[in-house]
Amino acid sequence: KKVLIVGGVAGGASAAARLRRLDEDAEIILFERDDYISFANCGLPYYIGGTITKRERLMVQTPEDMQARFNIDVRIRSEVIRLDAANKKVLVRSQSRGTYEESYDALILSPGAKALRPNIPGIDSERILTLRNIPDTDAIKGLVDQKGVQSAIIIGGGFVGVEMAENLREQGLNVTLVEAAPHILAPFDTDMVVLAEKKLVAHGIRLILNDGVKSFQDLENQVEVTLASNRKLQGDLIILAIGVIPDTGFLKESGLELGPKGHLIVNERMATNLPHVYAAGDAVEVLDYITKTKTAIPLAGPANKQGRIAADNIAGLNSTYKGTQGTSIIKIFELTAASTGANERTLQRANLPYHVIHIHPVSHASYYPNAYPMTLKLIFGADGRIFGAQGIGRDGVDKRIDVISTVIRLGGTVEDLTELELAYAPPFSSAKDPVNMAGYVAQ
Ligand code: FAD
């Protein structure tokens, strides 16, 4: 069996490794447009900020490793430019081999999503950068390390924008974060996210909400940003982080069914509408696990799982992907903010009635040193089924959100939260863990 994989990072690399484990004899060829496969996208902001000090630590697996460990034919600098599904072939443009065709028995597409770069006046400035991969990282770090670069304007208060704001601040830059919506970090509700916003401001980040970009203009060594309100800002460096779109342009003429924004449409087995063609990762549309509506949630965990499921199905197993909860987490200086499932906005849009409770427990027994308060929000239906949770605090937020996320995945209710028996000794928790407490208060 000959399997081709397009894209060598989260979805693609997981699919390749899984397929090899399931099938020792398959011929597996992995195409990656760039120089790097399996790099740590999620670590890039922390390398720019200096927490991760060694560039090579970002390369989780090199093409040579992957070839040697899994016997996978890894072809970097090889872009798949066309799919001819009728003849089960792709067209590849390679730096070393020219343009050639490769046939397949099965194909997995995991091309990911690219940063949005809308057609705003002045957007082509060399000082306006986006962050997706290692070359982008080198470009940003190159500028940041230059003498005289002292200020940055981040456009977009999503995860990448907020992580970049923190990391550039840690590098001593004057940082302004601009968000067109009333609040940063869309997965969180307003009542929770204000705590994160306050923390950014406390660390000297200038936060501008409710104001989008109208235009950019190159000045001598700076860029001037004009906002919708006509307010003008100048920065030595601009990071554009206003979201992503699926990198599926090369598939437009292929006969593959695409969603309104270009996402690949797949079924539970990660199969597309074309025979023997599977897809995974940021480029696919998924089912929202809570509302059961179609959505797209670009996160590394789902991408890895979907790649694995595509491989399972190609190898003859019957694995299914049941939807994405959007469980996510971010560090905001000393704080952790995490969320899982639906927030209030999503539930209102889906017309699902819900209840909300907030609690303010401490991370572990208050008499044991370094116990910190956290705010935990639980959202649930009339029958007690849990729809979502959000947490923010200094310590222990990740654990509580992960526990609630697990309960959601298993279809659990607030009563289940009260029954969970969680690990307790004073340095770690309380006899009534915050998750149990959330259940009691919600009951
Ligand atoms: P990608 O990882 O984007 O990989 C797709 C690859 O396909 C790319 O290398 C691309 O070059 C290649 N490719 C595309 N088209 C072609 C073609 N035609 N031919 C050949 N190759 C092609 N997620 C989290 O869950 N937690 C985090 O903390 C987090 N932090 C992030 C931080 C940053 C800065 C970024 C950019 C993303 C972050 N993410 C995070 C998101 C996460 O990285 C993605 O969800 C995940 O990488 C998606 O995997 P993928 O395989 O779909 O796509």
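1. Of the 443 residues of the protein, 46% count as buried, a residue being buried if 20 or more other C-beta atoms, placed from the backbone, lie within 10 Å of its own. This is a predicted model, in which local features need pLDDT of at least 70 and side-chain atom pairs count only at pLDDT 80 or more, while totals for chains, interfaces and linings use all residues. Residues are numbered from 1 along each chain as its sequence is written.

2. The protein has 11 helices and 25 strands; these are DSSP runs, numbered from the N terminus, with helices (H or I) of at least four residues and strands (E) of at least two. Its radius of gyration, taken over C-alpha atoms, is 23 Å, close to the 22 Å of the globule rule (2.2 Å times the number of residues to the power 0.38), so the protein is as compact as a globular protein of that length.

3. Helix α9 covers residues 397-409.

4. Buried residues of α9 include V397, I401, I404 and I408. The buried residues of this helix pack against several elements, among them β22 (335-341), β25 (386-393) and α11 (434-442). After α9 comes G411, with a positive phi near 75°.

Terms used:
Expected span 1.5 Å × (residues − 1). Buried ≥ 20, exposed ≤ 12 C-beta atoms within 10 Å, placed from the backbone. Contact = placed C-beta atoms within 7 Å.
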